[in-house]
Amino acid sequence: MKQILDHDLKTSKIAAPAIGEERGGYIPLPLRNLTAGDEIPFDVYLKVKNKGEQDPRFIMACPQNEVFKQEWYKKLKSLEIQWLYYSQENEAKVLDYLDRSLEKVLPDETRQPEEKVTLLYDTTLICVRNFFTSEQISAGPQMFRALRLIDSMFDLMKGGVDFHRSILDIRRHDHVLYNHSLNVCFMGLAFVSFLGWDAQKAQNFGLGAMLHDIGLIQLKPELLGKDVPRNGYKPTDSHPAVGYKIVSNMPGLRREVRYMALQHHENGDGSGYPAGLKINAIDPWARVLRILDHYEVLTSGNAHNRPLSSKEALMEMAGLQEKKVFDMNYFMNFIKFIGKT
Ligand SMILES: [Fe+2]
Ligand SMILES: [Fe+2]
């Protein structure tokens with residue numbers, strides 16, 4: 001079986017990863033998630049493209065159950081390779097491996113906030129991807145894992161502003177639905193921690209934020225992996241109601257979680273959808289989400305709009321607030337929260 005050092009690798013041959021893109025069922029995994037010296041329980045691939053070849057190929061880099069050697073790690077680093085790949089059918093093994101890494105890293109006081117937040121972010125991203133791409137959304141193992149990861153992130157967020165800053169910095173902007181969902185979820189956990197919410201409320205809010213756009217899966221594969229729409233909601237008008245139905249079938253969640261899916265595009269002035277509700281008729285959790293969702297889309301950008309800086313985004317939102325689109329109290333707190341981080 002070939003291993004990393006058996007390949008003639010040059011920087012020019014390593015195909016730049018299209019993050020979030022999956023060709024032939026290969027899914028990107030950041031190199032930083034693998035620890036040298038660990039036995040890796042899944043096959044690890046590299047994406048390469050030779051001159052003249054049209055499509056990239058995936059070559060075996062580290063076969064399942066091999067120890068990921070220090071010298072391999074160094075070689076990949078020296079080639080500035082940041083992304084490895086795994087095959088979709090091995091996703092459960094990848095998540096188990098990352099879970100074990102988290103068990104080591106999170107309690108370790110010598111590790112930096114960024115390192116902890118990054119590993120948790122990367123792991124949860126795979127977990128969210130799994131939610132959005134599963135044939136069937138099971139309320140069982142997927143949800144338990146998501147809740148566990150959300151709990152860990154909320155715990156970290158209680159560590160204060162350094163952790164809040166890390167989550168705002170680490171967000172990936174790949175215009176992919178599950179990145180958007182994860183960004184909204186983790187920013188939301190930082191924000192409700194800032195607001196002083198308790199762990200149980202935060203956990204449910206985090207799950208609601210993670211799942212708020214799950215109604216969009218009805219549009220797959222056209223929408224998954226593409227831009228999250230900024231304004232033109234036309235093809236996606238039905239996603240709040242569809243999401244509400246999906247979330248309603250998950251047992252044990254607070255009522256507010258369902259309203260997050262249903263009401264996150266309602267505006268305080270009645271100009272939103274699906275019901276055109278005025279502010280007092282919108283559930284408070286959906287009002288918080290409305291702000292986070294809008295900020296995330298503005299600062300991520302998409303194919304038609306460049307990403308805005310946090311200041312520009314807040315200015316644009318302040319413009320909307322003249323029409324009272326957002327909940328005034330939460331909006332003022334959100335400005336303070338962003339200002340502090
Ligand atoms: Fe949405
Ligand atoms: Fe959204």
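How are α4 and α6 oriented to each other: parallel, antiparallel, perpendicular or oblique? Oblique, in this predicted model.

**View 1. Helix α4 crosses helix α6.** The axes of α4 (residues 141-157) and α6 (residues 177-195) come within 9 Å and cross at roughly 45°. Axes are lines fitted to C-alpha atoms, for helices over the stretch in contact, and angles run from 0 to 180 degrees between N-to-C directions. Helices are DSSP runs (H or I, at least four residues), numbered from the N terminus. The pair is therefore oblique; angles under 35 degrees count as roughly parallel, over 145 as roughly antiparallel, 65 to 115 as roughly perpendicular and the rest as oblique. α4 passes α6 in a right-handed crossing (the near helix is turned clockwise from the far one by less than a right angle). On α4, the contact (heavy atoms within 4.5 Å) uses Ile-150, Met-153, Phe-154 and Met-157. On α6 it uses Cys-185, Phe-186, Leu-189, Ala-190, Val-192 and Ser-193.

**View 2. Helix α9 crosses helix α10.** Here α9 (residues 255-263) and α10 (residues 284-300) bring their axes within 8 Å, crossing at roughly 45°. This crossing is right-handed. Glu-256, Val-257, Tyr-259, Met-260 and Gln-263 of α9 meet Trp-285, Ala-286 and Leu-289 of α10.

**View 3. Four residues hold the iron ion (ligand 2).** His-180 (NE2), His-212 (NE2), Asp-213 (OD) and Asp-293 (OD) coordinate this ion at 2.2 to 2.3 Å. Donors are N, O and S atoms within 2.8 Å of the metal (3.2 Å for Na, K and Ca); water is not among the atoms, so sites may look incomplete. In sequence, the donor residues of ligand 2 are spaced H-x31-H-D-x79-D. His-212 sits in the loop between α7 (199-211) and α8 (239-248), and Asp-293 in α10, so the pair ties together parts 81 residues apart in sequence.

View 4. The protein donors of ligand 1 are Asp-213 (OD), His-239 (NE2), His-264 (NE2) and His-265 (NE2), 2.1 to 2.2 Å from the ion. Their spacing in sequence is D-x25-H-x24-H-H. His-239 lies in α8 and His-264 in the loop between α9 and α10, so this pair ties together parts 25 residues apart in sequence.

**Notes.** Residues are numbered from 1 along each chain as its sequence is written, and chains are lettered from A and ligands numbered from 1 in the order written. In this predicted model, local features need pLDDT of at least 70, side-chain atom pairs count only at pLDDT 80 or more, and totals for chains, interfaces and linings use all residues; side-chain values use heavy atoms, leaving out hydrogens and water.

Technical notes: Helices (H or I, at least four residues) and strands (E, at least two) are DSSP runs, numbered from the N terminus.
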